[in-house]
Amino acid sequence: MNLKLLASCFVLSLGVCLGQSIVRSDMAPGPTLEPKQPIIFDLSAIDKTADPCTDFYKYACGNWVAKNPVPADQVRWGRFNELAERNTWLLYSELKAAAESPKTPLQKKYGDYFAACMNVDLADRFGAKPVQPVMAAIDGLKDKKQLGALVAELQKKYAVGVFYGLSVQQDQKDSSQQIATVMQGGLSLPDRSYYLADDARSEELRGQYVDHVTKMFVLLGDSREKAGAEAHSVMTIETALAKGSTDRVELRDPAKRYHIMTKAELQALSPEYDWRAYLAGVGIGEFSTLNVATPDYYKAMNAEIDSSSLDAIRSYLRWHALRTAAPALSKPFVDENFNFFSATLQGQKEQTPRWKRCTRSTDMAMGEAVGQDWVKQNFPPNAKANMEKLVAALERALGQDIQSLPWMSDETKVQAKEKLDAIRNKIGYPENWRDYSALTVKRDDYLGDLERSSDFERAHTFDKLGKPVDEKEWGMTPPTVNAYYSQSQNDINFPAGILQPPFFDNSKDPAVNFGGIGAVIGHEMTHGFDDQGSKFDAKGNLRPWFTAEDRAKFTERTDCEVKEYDGFQVAEGQNLNGKLTLGENTADNGGIRIAFQALEEVLASQGAAAEPVYVDGKRDGYTPQQRFFISFGQLWCQNQTEQSARVMVKTDPHSSGEWRAKGTVQNFDEFGKAFGCKAGQPMMPVNACRVW
């Protein structure tokens, strides 16, 4: 778990002959059609048979939902997915060209990485051979005292994460410092609740999981009897770790994930585990104290290591090594991995095509190498300048909103304004690109490339220990269709990938763009003032800067949102978790207000009246205010499998698309005014919630 991003937000062999590229038959097939460019403010998506005051989501998205079922290789399909699909295709075209005929050393490196992933013939010939070294390392565990050193080897050499994760992050209480942090982990199912819930569906899924683990061990060469016993050991150990884990809602409280300890104090939590051997082997620098995010977890881990047999521990380690490697192995492993984690858990009907998986994998491994060329082709200079203007308008609007809040004291408003003024804006792509010269890539070793890439990232992270914070570093790659706010750095980050339709189109009127990317910008800014962000000051330090009275008033308002979103159903018998989604809901509700206020200022400066406008020479009959809300609502048009919706409720801090649209507008009286709604109608309730 990356604690830094908890407050934010929404993976062969070729030759050249006489200067011409030669694509060998072992190259997996690519796409045949170029995805369409999504459009912003889609009139054809609107269902005019619906009443916007009763069900705005159906009104804004009804026709889109009817015409856009979930593709067989997806579990969720929405406007974000439409754009991500096109970005993936554009990135694939770049990677394919680099794999066939690279023009620079950097292109050769990421082209080779992509080509290695696409070489399915080689993967099938190798079978389980690529995981034999890690299995041999695990089989060499003869004493529990060796476990710490082995876990270090698994993490560093084989990219296998077990029991917990070690990282270097900014100190929550001194953001100028970068400290070691150890975090709970070691589970395979999406959330601890999958191991602990006693309902029939959860029990069935646990049985299917054990069957899956058994099948994977059989594919590895174990007998059915041995594989079944190993799967039982895996489930037993992971269940114990789940019981000792802190749940996601509690982890939203910064104080509950911050416990500074010495290495000796960490060792005392789990005396059966050799932390000294682990830290020496994993390659992190020297330190005297670290953040032990969830101390009780290590007590549970210690108890399970103490009570488990060596065979059981080896089975647990072997499983995690196999699960990690599965996507890079032969077809039987890839298919069985898909059958459980995608088909059974998420309801995905068909496996994602290899070209998409390899494109995303390359982006994850070498995102800033690939991104350098991608932005040259897909992010013109004026796009960044236009975004900077939008951000400035949203900052002014948020400043005005803060000053007008009736519940906040003048003392706290001064602190809030100071924090707003300190927010840094990172738009499009990094100022300084990562150096990948130390990363070794082999065209005939995809699993090895994954392992070396993981170690490269780990070394990059560990190298930050005790050093000044690089405020210009990014946590997302340029083609990513997303954005985020960082609490510790107090900055907003908008990759080039999201700065295009259906979020932003410079050829459209301000109402459409403020309803699209403007609301996204406002969302990320509001994260600095949600239930988590509001606990961090202008410098990114965890410090109480609200007065006690203002904090009580703030909590009263966020409690209103919790109760409201708790009542929103996403699947039969399955409602949203208002506490888990509180930060994102607060950001949605604040973001739309800020964006609307910024739009009103622009319209006033342009002398634009609130009357119907023309689009492409045709009268659409919508006022700028209505166009704003429709553009916003259409950001969240989506379809989703029932299984995916159920996983999302337990793991995703975002609400589903329907409720991101409806839950937000029903708390904003300007929506009701724009569409002539009456107080008491579903989209204009009498007692709406408002924080910002």
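Here are a few questions and answers about this predicted model.

Residues are numbered from 1 along each chain as its sequence is written. In this predicted model, local features need pLDDT of at least 70 and side-chain atom pairs count only at pLDDT 80 or more, while totals for chains, interfaces and linings use all residues, and side-chain values use heavy atoms, without hydrogens and water.

Me: What radius of gyration does the chain have?
Reply: The radius is taken over C-alpha atoms, and the globule rule is 2.2 Å times the number of residues to the power 0.38. With 692 residues, a compact globule would come out near 26 Å. The chain agrees with that, because its own value is 26 Å.

Me: Is Phe41 buried or exposed?
Reply: Phe41 sits in the loop between β2 (20-22) and α1 (56-67); strands (E, at least two residues) and helices (H or I, at least four) are DSSP runs, numbered from the N terminus. Buried means under 20% relative accessible area, exposed over 50%, and partly exposed in between (1.4 Å probe, protein chains only). Phe41 has 8% relative accessibility, so the residue counts as buried.

Me: Near what value is phi of Asn490?
Reply: Asn490 belongs to the loop between β9 (484-486) and β10. At 0% relative accessibility, this residue is buried. Phi of Asn490 is positive, in a residue other than glycine, and lies near 50°.

Me: Which residue does a cis peptide bond join to Pro501?
Reply: Omega of this cis bond is about 10°.
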